[in-house]
2 protein chains.
Amino acid sequence: MADFGIGVDLGGTNLRAAAVSAEGRILDQFQIFTPRGKGRDKVVAGMVEGVRKVREGRGDATLAGIGVGVPGLIELEKGLIHKAPNLPGWENFPLRDELESKLGCPVLLENDANAAALGEYWLGPGHDVNDLVLVTLGTGIGGGIISGGKILHDYLGMAGDIGHVTVEPNSGMLCGCGNYGCLEVQSSATAVARMGNDVIHARRSDLLAELKAKNAGRMTSQLVHEAAKAGDHEAQRVYMRMGVALGRGMATLIDIFNFPLYLLAGGLLAAWDLFAPAMFDEIEHRSVTFRETDTRVENATLGTQAGLYGAAFLPIQHKLHQA
Amino acid sequence: MADFGIGVDLGGTNLRAAAVSAEGRILDQFQIFTPRGKGRDKVVAGMVEGVRKVREGRGDATLAGIGVGVPGLIELEKGLIHKAPNLPGWENFPLRDELESKLGCPVLLENDANAAALGEYWLGPGHDVNDLVLVTLGTGIGGGIISGGKILHDYLGMAGDIGHVTVEPNSGMLCGCGNYGCLEVQSSATAVARMGNDVIHARRSDLLAELKAKNAGRMTSQLVHEAAKAGDHEAQRVYMRMGVALGRGMATLIDIFNFPLYLLAGGLLAAWDLFAPAMFDEIEHRSVTFRETDTRVENATLGTQAGLYGAAFLPIQHKLHQA
């Protein structure tokens, strides 16, 4: 049995690596700013350096392999990135083979949201179930699906795009994908900020207008959060509307999967108290499965570490299934 | 390797059994009307008789086991039916153990829609993919999900209830489940018949009113189909509306799963030409995944045999994975 795995999390801001024991303990960590502006080769060099650093000093412990979480669509069998809007120039680059030849050990690529879902399954609230869906609420909305203890993959290496499920077919906003009323345009941090601007445009909140002015005229979901906490009714309604749309999306997932656990993660979770009541109310009304089972909808608990843990678990799990 | 499996399909009308070779050839078949009115024990006796009949005369061929498709929620580990609205008195009855003790060989229970999905994966259009979703359009709407060549199970033994995904959140019909705008109340045969009645109520089609009167005052999806084929514009619009709602549901599945294949089955498929253009138009508009991949949405091909084939494949597949 493997003694430890190494996880790499390639984020837009940070590039991180960690050696994690088979019991889920972090043995060593590495973090640098992702040198995106310096080109792909520099980023790959940073990944190689990170892995080498956390691999040092492990004595005679056995390395199961390297797991790498990447923000894009992965072609698993070919070991390359099929599509990554935030990593220009990486498409069709054979990242797995490149890393394997430089590091001399097996490498597994994974979509970052899938890796985060696997991390929450391994060490988060998902440790007592075999099936869960993780939904991340950030600038966009993504997700990962764990079925039977393993990441659910499609033929391109990741399940579809939960953020583009329609939750408001007739009166929803236009999404960059071309559809109206996607979950992402109704419930992401971007959606909250847009609704915050709508509130100001309708002259419905002096407080929010003031907060925006103080923030150099830039609206964010955090400002709407701040106004809502201060008692601003319209700011509270923004989060209620976001919660209703999210509840619709969650009800859809619950009715399709009937899994025991759904986890929410990402920056918007700080506003849980503001959106959760509306979300649960909508789930309760929409989903017969939710009403009739013990389905749990909860906060994920590993935060930004989830993807790093999940990436490290990939080779450990792979070895377990081979043994 | 197993030489053959026996599938049993417990339907509301027919009880069928078949011996099927590992290559998918039917070796022998058995069919009776399901003796539902005579109670559970008579139905079980019919299943046992069917298995014995098709097992006879197989020479020294090896039986992999018995697979049984049942219209209800299965608790796989316990081998019993958790919930089956159409089989009163069967809930919590240990059907698997009962059949195993009477037949002296391993029995696997499965939800009937899941079994049909597995059948289409084995011998239908799904034979060249590893992942597919089957959606059945009948009186209600159900479905089964195949991921990595196996039925996707939740902790109660089946994935959730695709029929209760919301496709018309604000202006949809009230469903028996308590939600408004479920796929099932917008796109099932029942929905088509209801919309047919609406057409008559609004005095928008003399032809449909006439057809209904001739059918002893009973509206069906077939009558709407007949009127539509005869050129009745409102009857055609019923199927267009059904197709739009179905397209919304399919787009949701496509965005969530990103699988290569989605199959439609059930009685409404006869009206494919009437609803498919509107369905594809809606999928095209809603699903970025559909537009950017080679996703196929097609007719299933095994008809009412799908569940029987899938049930027979259950023990064959089980043995393959053990070997």
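Before the first entry I note a cut-off: a residue is buried if 20 or more other C-beta atoms lie within 10 Å of its own, exposed if 12 or fewer, and partly exposed in between. I also note that the model is predicted.

**Entry: Arg204(B).** Arg204(B) has 15 C-beta neighbours inside 10 Å, so it counts as partly exposed. I found Arg204(B) in the loop between α5 (189-201) and α6 (206-214) of chain B. Leaving aside residues up to four places away in sequence, I recorded that Arg204(B) touches Val199(B) and Glu234(B).

**Entry: where the chains meet.** I noted 34 residues of chain B in contact with 34 residues of chain A. On the chain B side, α8 (233-257), α9 (272-286) and α10 (288-292) each give two or more residues. The most come from α8(B), with seven residues. By type, I recorded this side of chain B as 16 nonpolar, 11 polar and seven charged residues.

**Entry: chain A as a whole.** I counted 11 helices and 12 strands in chain A. Its radius of gyration is 21 Å, close to the 20 Å that the globule rule gives for 323 residues, so chain A is as compact as a globular protein of that length. Along the principal axes, its C-alpha atoms fill a box of roughly 65 × 50 × 35 Å. I recorded 54% of the 323 residues in chain A as buried.

Methods: Residues are numbered from 1 along each chain as its sequence is written. Chains are lettered from A and ligands numbered from 1 in the order in which they are written. This is a predicted model: local features need pLDDT of at least 70, side-chain atom pairs count only at pLDDT 80 or more; totals for chains, interfaces and linings use all residues. Helices (H or I, at least four residues) and strands (E, at least two) are DSSP runs, numbered from the N terminus. The radius of gyration is taken over C-alpha atoms; the globule rule is 2.2 Å times the number of residues to the power 0.38. Two residues are in contact if their C-beta atoms, placed from the backbone, lie within 7 Å. Ala, Val, Leu, Ile, Met, Phe, Trp, Tyr, Cys and Pro count as nonpolar, Asp, Glu, Lys and Arg as charged, and the others, Gly among them, as polar.
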